[in-house]
Each structure stands twice: as C-alpha cells, then as structure tokens.
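Work through the exercises below with the sequence and the structure at hand. Try each task before reading its solution.

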Amino acid sequence: MSLFGYDFGFDRLAVGMFTGLTYGLLAIGIVLVYRSSKFVNFAHGAIGVFGAAVLAKLTDGITFWLAFPIAILVAGALGAGIEMSVVRRLRGRPRVIGMIATLGLSQFILVLALLVDRDSFSGATYPKPPGLPAFSIGTTAVGSSLTAMLVLTPVLLAALAFFLRRTKYGIAIRAAADHPDAATVNGVPAPMMTSLAWAVAGGVAAFSAILLTPTQGVQSIESLGPQLLLRGLAGAVIARMASLPIAFVASIGVGVLEQVLLSKETSGFVDVVLGLAILVALLRQRSGGRNSEHAAWPRWDATSPPGARIGLALLAVVGVGLAYVVSNSTASILTMICGYALVGLSVILVTGIAGELSLGQFAFAGIGAAAAIQAAQASGNMLVGVAAGCAAGALASTLVGIPALRLRGVALGVTTLAFALATSGWLLRQSFLLGDGLTTPYPVWRDYVVSVSTDYYLFALLLLALGWMVTARLRRGGFGRLLLALRDNEEAGRALTVAAPVRKLQVYAVAGALAGLGGVVIGFGQSQLSINSFPASASIDVVAIAVVGGLSRTGGALLGSLVIVGLPALLPLGIPGQAVLTLGWLLVVIFLPEGLGGLLAGLLSRIPAGRVPADWLSRVRAWRPAQASAPGRIGPDGLIPGFPPETVHDPAPLSSVPALSGSAAAPHSLPDKSDLSGKAPGRPGQWRVHHLPAARLAPATGDGPLLEVAGIRRSFGGVRAVQDATFTITEGEIVGIIGPNGAGKTTLFEILAGFTGSDGGTVRYQGRAITGWTPERRARAGLVRSFQDARLFPAMSVREAVMVAAESAIPSSLVIDILGDERPEIAKAERALTALRAMGLEDLADKPVGELSTGTRRIVELCCLLTLEPRVLLLDEPSSGLTQSDGVALGELMLRVRDELGTTVLVIEHDLPLLSRVADRLIAMDAGAVIAAGPPDEVRSHPAVVLSYLGTDEAAVARSGEPAG
Ligand SMILES: Nc1ncnc2c1ncn2[C@@H]1O[C@H](COP(=O)(O)OP(=O)(O)OP(=O)(O)O)[C@@H](O)[C@H]1O
C-alpha cells in the first residue's frame, strides 16, 4: 500500500516495528540514566557494543545462550563501574561536564570493544542466536536474531517493569532518582541505587546490541554513534525523559516512521524529520519553575599567566616560521589544525563560557565552508567568500539556538546533535551548498593565486589569530562576564537586568561565525569538498578539542587541536594509540577541569613574578583609595564579622521566635543611621552601611497603586500553588507576606518578577499591565527581586557580581568588547567599587561569592539589587541565614531603603517580630490563597492566620511572644 509515494505495506511496517524495538530499548536506557543522573549518557550505545564484543569473544569457547547472560552482566557491570568511577567523581560539577565525560567514554569504550573482538562491528560474521526459527513476513526475511528480539523484548520489558515497580531495589531506584534527599533520609543508599540504574541500563544496551548486530550488515563505528543515539533520544525526549513506557512506544513509532520515509527519501531526510520531531517535543515541554541545577563551575580566571604576551609572540613566530620549513603535506595538516582550532574556539564560547553543550559546531563549519566557496566562486573575491562563510555559520547557529532558549539542560545538546546529523545527511547535499561535491578554487589574494599549501597555511594562521583575538576579548570583557553570570545562575542574572535570550543568541551567532571561519579554513584547504568532509562525528571531536585543551582558556582550542587532530595525523597511532588518546581525554575531564591549558597556565604561574592582572583591573586597583584596606574588618575566612556562620540560625515561624525585646543579643538601639551594625556596642568589626548605593527616586507617575495584583492563579500539576491572589501595594509601603511553608509566597514572587507565568489574573505595575514582560524588563523598570538562597554567582568575585548589576546603567556591547575598548569596563568597575564601599563590603571585593557565608551573600545580593535603583524591592526571606542581631540590622536597613531612597518593599518573612517592627501592613497566605491583610497586629491575631500556623489552638498565638519595638 502506498500513499503520496510512501510505502505503508505490511513488510515495511513490520521492519519498522523491529527496528523500533531497538530504539525503544535504547530510549529506556537513556531515560533510566537521565532520571538518576540528570544528564544524557552518550556512552550508552558504546556500552552495548562492548557487551556485544564480549559475547563474540565468549562464543569462541561457550554456547551462545550461556554467553548471552554473561555478556549482559558484563555490560551491566561496566555501566555501574562507569557510574562509580567517573560519574560519581563529577557529582557537583555541571551536567554539561558529565555529558562531555560520557562522550569521551563512548569513544574509549568503542576502541576497547574493538580490542576485545573486531567481530562486534561486523554483522555478517557476528554470532546469531541458535535454536530459533527464521521466517519471512511477506518479502521481509526475519532472521533468528530478530526472532529472538521479538520473543525476548517483551520478556525483558515485563521483567524490567516488575523489577522497578515491585521489588525493593526497583522502588528504591525510582525513589533515589526522583527525590534523592528524601530517599537518603529514609535510609535508601541513593548513590548505590544510581549505580544500579546504570547497571540495568548497561544490561539493556548490551541486550539490544547483541541482537541487533547480526541484522546490520557491516557496521562502522560511526553508524553506532550519533545516528543511533538520535533515534534513541527521539523517543526519550518525547517521553520528557521521564516515562519508560512512553519512551518505548514512541520509539516504535520512530522506527515505523523511519522505514516509511526511507521508502522514498534518503536517511539524511529521516534525520531532518526526527530532528523536527524532537524540536516539537521539546518546545511542547513547559519551561519555568525553579532551577534545580546548582552545579559549581570552576572559578573563572581573567588573569593571564606571567609572560603570556611573550609566550603568544613566540607561538606566533614558531607558527609563521613553520611555513618556511615544513613540507606541503605537513602544511596541510597544520592548516587542518588551525581550522579545527577555530571550531574549537566556538565550543569554548558556547560551552566553556556560556555553559551550554553544543554537538553541532562542525555542522556550522560545513555550512560556512560551502557558503564561502559558493560566494567566492560567484563573486570571484575570496574575502567575500570568507565573510559569507562567517555569516552563514552565524545565521545557522542562531536559528538552531532559538528553540533551546526556552529550555535548560540537555535541550541545546539534543537539538544541535539532530542538526549536525540533518546537516551532514541532507542539508549539505543541497545544490546551493555542497551538492554532490564541489571543486574548490584556489584562493586568490589580489592577483596572487594561493596554490601552495605552505602559503595557504599562513592564511589559515592569520584567520586563527583573528578568531583567537575575538574570543580572548569577549572572554575578558563585560560580555563574557554576562555569559558567565547566566551560566552560573541564570535567574540571578535576569533579576539583575541581564537579557538572557538576547545575550545567548549573540554568543551563538559569534560562535557560529567562528565555526564558519574554521569551515572556510578547512574548505579552501581541500581541492574537493563533499559531505564526507564534514561528518557529524567531527562535532564531537571539536568538543573533545575544547575540553582537552581547556574549556576556560582561549589557547585551549589550539592545544586541543594539536593533540586531537595533530597527533593522529602526524604520528601513526593505531587502535592502541587511539585508546590511549581517548583515555587521556577522559582523564582530563575527570581530573583537570581546566584541561591541559589550565595545567600549563598553572605551571607558568609558579614563576615567582606572580600573576599579571588584566589591564582594566590593575587600573581600577590603582584607583582604589587607601582607606579601603583598613585592617581588622575581614576575618581570615573572608566573612564579614557579624555574619559568622556558626551563629547563624533560620528564624522559626511565629510560635518559636522569641520576641526581640527579650533577646539578649539584639538590643534595638542603634547609635545613628550611618551605623547599621545591629550589634551590641563595643563588639569589634561590624557591618556598616555608610550610605545606600543608589539615588533617591523621583515619585512614581500616576495616581493609582504602584502594584496591583488581581486574581493571580498558578498550579503545578495537581498543586494549586497560588489561588486567586488579589491585593494592591502603594508607593512607599513596606508590606510583609507571611504564611506557612508551601503557602505559595515564593511562587507569587516569581509571578510578580516574571520568572514564572501565571495561569490567570493580571499584575499591573505603575498602572501598566506587565503580564508577558520578561524578568529583565521588569527589573529594568524597577521591579526587582531577591532569592531565598541568595546564591548569586558562585564562580565570580564579589566585585564581578556587583559589576553584573552595574550592567543596568552601563550595558556591555559585543562590538565594543571585540574592538577592545575597555572604558565601559573601567566605569563599571568603579561603580561597583563605589557601591561596595557604600555598603562596607569593599574588603570582600576579590573574594569568590561561592566562599561567602549565606548571611554575607545576602548583603552582597542586597548591594547588587540596590545598585539597580529599584522602585519595588521583592525580598524573599532576607533574614534567613542571618543572626538574630543582624536580622535587626536588616530591619533597620529596610526602613532606610524606604525612607532614603523612596523604594517600596514587599518582603516574605517568617520572622514575625521583625516584620511587626518594620512593616506597614501584612498579607497572610495559606494554601495559595490570601487569607488576611492589614496592619501587623490585626493580621497576627486574625483567626484564619492563627489556624493556618498553629492548627486550632488560639492560645498558642498568645504564647508566641509579642512583637518588639
Ligand atoms: N516548579 C514547581 N513545580 C512543582 N511544584 C511547585 C513548583 N514551585 C512550587 N511548587 C509547589 O507550590 C507550592 C507553593 O510553593 P512555594 O515555594 O511558593 O511556597 P512558599 O510559601 O514560598 O514556601 P516556603 O516558605 O517553604 O518557601 C508548594 O506545594 C510547592 O511544592
């Protein structure tokens, strides 16, 4: 039966279902690991192949059916071993790093599988399950392997379902995957369960690889790589990386779809359709909610090792000098190294600085090369070709990046992988790009035809120098800092007015242009270009280049390219050599977060001359007044005295908070408004806010309330987090929001600040409906929020964090950074220092935020927020993590912010005495609804409030202490 030229015959559907079974098993493995470790295991297929290799080896001596379970067990053990030896070591590091490690593992395991048994890659000679019938459906022959798959897959699925739903360990795996902390508290050893999940996934991978290999004909390592992975990922993504049954059923659909499409189209076209299916599935998934990834990126070091400039000059001399001593064939290899290094630079921008994994950078290089050659041929001008290559790379990269903007985590990795496959299999084949192949013209510079490889290498070197300079300037400047801020904590960045989507698209565009430039270098360097010049797997090689060289160093791209591209091309490595190389990649990911570049820089920095700060930083430091370094203000641990972590407490709700008047630690008497220590007089080293780092606001325009909230609703699944919240806030008020845990207070704040969409209702600010405004737009308009955890940007220094806030006044520009103009940076640094001095924080300026106590981070966060000159300040539990006395100081600070700046303050607090002292009104919430609003005393004694806090015992309220002041 055929429809629109596509074959829907029974044969085809049957074959589609068989292949779908394989994809389904692959998807199950991917989902199992994702649920446990929250990243995609790119080594999943390779683990299966290793199991298949073990079976091939074992069947030399024992029967297939004995070898089958053993090989599955070995693959399961390999999966668990990987979890214990690699994944566990990377816990606490960003998920992107975990995924990169599995990319390295995948290559390493495939090479190991080759060493165990080469037959594992050859379908024709691979052992088939004996004793099972072979038959045919229509004209489709069903061999014994497919029969085994048909019979055994339902058994495997039933066993898996029984294991996960009914057995103690299966339930524990699910509990540990979904709620690791709760599981640990309940005695489930979460790490062991994660290993078990990896073991099960490894066993499933081997099961399908063993039964699939005989049906595949002769395979290449490549066919086991990205293409198969994409098919497994399609089902997994459709199942939202959560449901095993949906993943399995969707994968069978993928198998059938593939077969139907193949009846008329090429396999490259199938990749395009699958890529689009993945895209639609990803875009249907609602983003929002709070960021669950609190991973620590290594601290970003903007300093250069001593002698960096001399080193660069030497490198340039050696690079140019080589052109005069090497043969033409070696010059071609050096050209290739330059091209790959340029693509590696694009990975450094996207992954190293922006923190997103892209698996499609080489596809942009391919598009850049094709566009460059077409444009050069059409115009007869090589420079037009170079510009066209960069522009095409930039455009493609931006377009692919757009869908991933809405989503976090694996989204960019998955969409770029799909794009890489669709590009190499379909897009590049189009006649306006490479078609059936292009003959590359010799590049012409003015009248000189560059026909000698050594001359062309010099041109490649020049373009590499250009790409290097652009990357280095972006990395050092304000634009790079913004990207680092978004990488460290996107929400905090947006709360400080950083326009995350625009900035990310900008970096995708620049990275695409760099990859396109790399493609230009590679493309013009070859006499013939075809789709084989830009395989999808090369995108993974360039990730390896950046990681091995060092994701956080510009020079890492060249270093990585020398090792990953140069070594195998210049020295014959063989399979053992490749194994060592991939093992090296893996070891670097695990043990050297900053790659070989970081190692080199570390060695250089031991040179006694010390570190050379970036130029602008040295100028700012020179500008810094002498009094800033007055002794005795900062403890050796970098904490502001007055915020010692050991005395920090979380204020308890109403019933347990002692009244401040009864607190020995907090006499409510402040010497004057310039000393907000909140400490008993005489204690050394106190936090002083000399003055507030913002100017007084002009009164708001319009007569109505400043903020009007009407009928706001938001549910998460069955949980009604906010129900019909309605209230107004007048300019100059301090309003407290109270309610038990889970009452919906933070969700309400997220909606007000634009971080979570509401299901209904409106928010009006200064008379304008702001539904649909992004968080950064709201922050720019003066509606500014803090965060409960005050995490800020752990990998940044305090100064850099405040410089991010200074972006609201002096925004960074991509072009200005590339041109190397440092004046805006100096202005921002000065502004940040002024703000830090005003808040008495200047001695902490160079301390990493991640090393501060919660209390100190809160003050730094406040300093950042005040730098924005907010009109409405939404503070989420600001006293949590502060000592009792610092809580008192905080209350005074809120009053000062209101009185001196004219800022309206809306504050979520559990510390009722504090609120009673400073708030004009309280709004009480319970189960998502506003249950009372009015003056503090009235709300505290409102029966509904008493009930929500303390159940039915009204007398308990009376015991909870009276407000101080
Ligand atoms: N992204 C989300 N996904 C699912 N449920 C959520 C999400 N965010 C909040 N919730 C749920 O919504 C309800 C309200 O949570 P919210 O954090 O707003 O309360 P809260 O009053 O701020 O509590 P707390 O004082 O503990 O911070 C809770 O039941 C919470 O589990």
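**Exercise 1.** Which are the buried residues of helix 18?

*Solution.* The model is a predicted one. A residue counts as buried if 20 or more other C-beta atoms lie within 10 Å of its own. Applied to helix 18, this gives Gly 478, Phe 479, Gly 480, Arg 481, Leu 482, Leu 483, Leu 484, Ala 485, Leu 486, Arg 487 and Asp 488. That is 11 of the 11 residues of helix 18, and the helix is mostly covered. For the protein chain, buried residues make up 53% of the 965 residues.

**Exercise 2.** Find the domains, and describe the side of domain 2 that touches domain 3.

*Solution.* Step 1: list the domains. The domain assignment gives domain 1 (2-264), domain 2 (310-534) and domain 3 (707-793 + 856-959).

Step 1: relate domain 2 to domain 3. Their centres, taken over C-alpha atoms, are separated by 47 Å. The contacts join 11 residues of domain 2 with 14 residues of domain 3.

Step 2: name the elements on the domain 2 side. Helix 18 (478-488) and helix 19 (490-495) are the elements that give two or more residues to this side. Helix 19 supplies the largest share, four residues.

Step 3: sort the residues of this side by kind. Six are nonpolar, two are polar and three are charged.

**Exercise 3.** What is the order of the strands in the open sheet of six strands, and which strands stand at the edges?

*Solution.* Step 1: recall the rule. Strands of a sheet pair through backbone hydrogen bonds, either parallel or antiparallel.

Step 1: read off the order. The six strands are arranged as 14-15-16-11-17-18, and the pairing is mixed.

Step 2: find the edges. Strand 14 and strand 18 (929-934) each have a single partner strand, so one side of each has no neighbour in the sheet. On average, neighbouring strands of this sheet are turned by 15° against each other, direction ignored.

Step 3: Strand 14 (residues 783-785) pairs with strand 15 in the parallel sense over three bridges. Strand 15 pairs with strand 16 (residues 904-908), again in the parallel sense, over five bridges. Strand 17 (residues 921-926) and strand 18 run antiparallel and are joined by five bridges. In strand 18, Gly 934 is the bridge partner of Leu 922.

**Exercise 4.** Why is strand 15 largely enclosed by the rest of the structure?

*Solution.* Step 1: count the buried residues. In strand 15 (residues 872-876), five of the five residues are buried, so the rest of the structure largely encloses the strand.

Step 1: look at the two faces. Val 872, Leu 874 and Asp 876 lie on one side and Leu 873 and Leu 875 on the other, and these residues are all buried.

Step 2: look at what stands beside Val 872. Leu 783 is opposite Val 872, and in strand 16 the bridge partner of Val 872 is Thr 904.

Step 3: follow the chain onward. From strand 15 the chain passes through helix 32 (residues 884-901) to strand 16, in a right-handed β-α-β crossover. Helix 32 lies across strand 11 (734-738), strand 15 and strand 16, and runs at about 155° to strand 16.

Note on methods: Residues are numbered from 1 along each chain as its sequence is written. This is a predicted model: local features need pLDDT of at least 70, side-chain atom pairs count only at pLDDT 80 or more; totals for chains, interfaces and linings use all residues. A residue is buried if 20 or more other C-beta atoms lie within 10 Å of its own, exposed if 12 or fewer, and partly exposed in between; C-beta atoms are placed from the backbone. Two strands pair if DSSP finds at least two bridges between them. A crossover is right-handed if, with the strands pointing away from the viewer, the path from the first strand over the helix to the second runs clockwise. Axes are lines fitted to C-alpha atoms, for helices over the stretch in contact, and angles run from 0 to 180 degrees between N-to-C directions. Two residues are in contact if their C-beta atoms, placed from the backbone, lie within 7 Å. Domain bounds come from an automatic or database domain assignment. Ala, Val, Leu, Ile, Met, Phe, Trp, Tyr, Cys and Pro count as nonpolar, Asp, Glu, Lys and Arg as charged, and the others, Gly among them, as polar.
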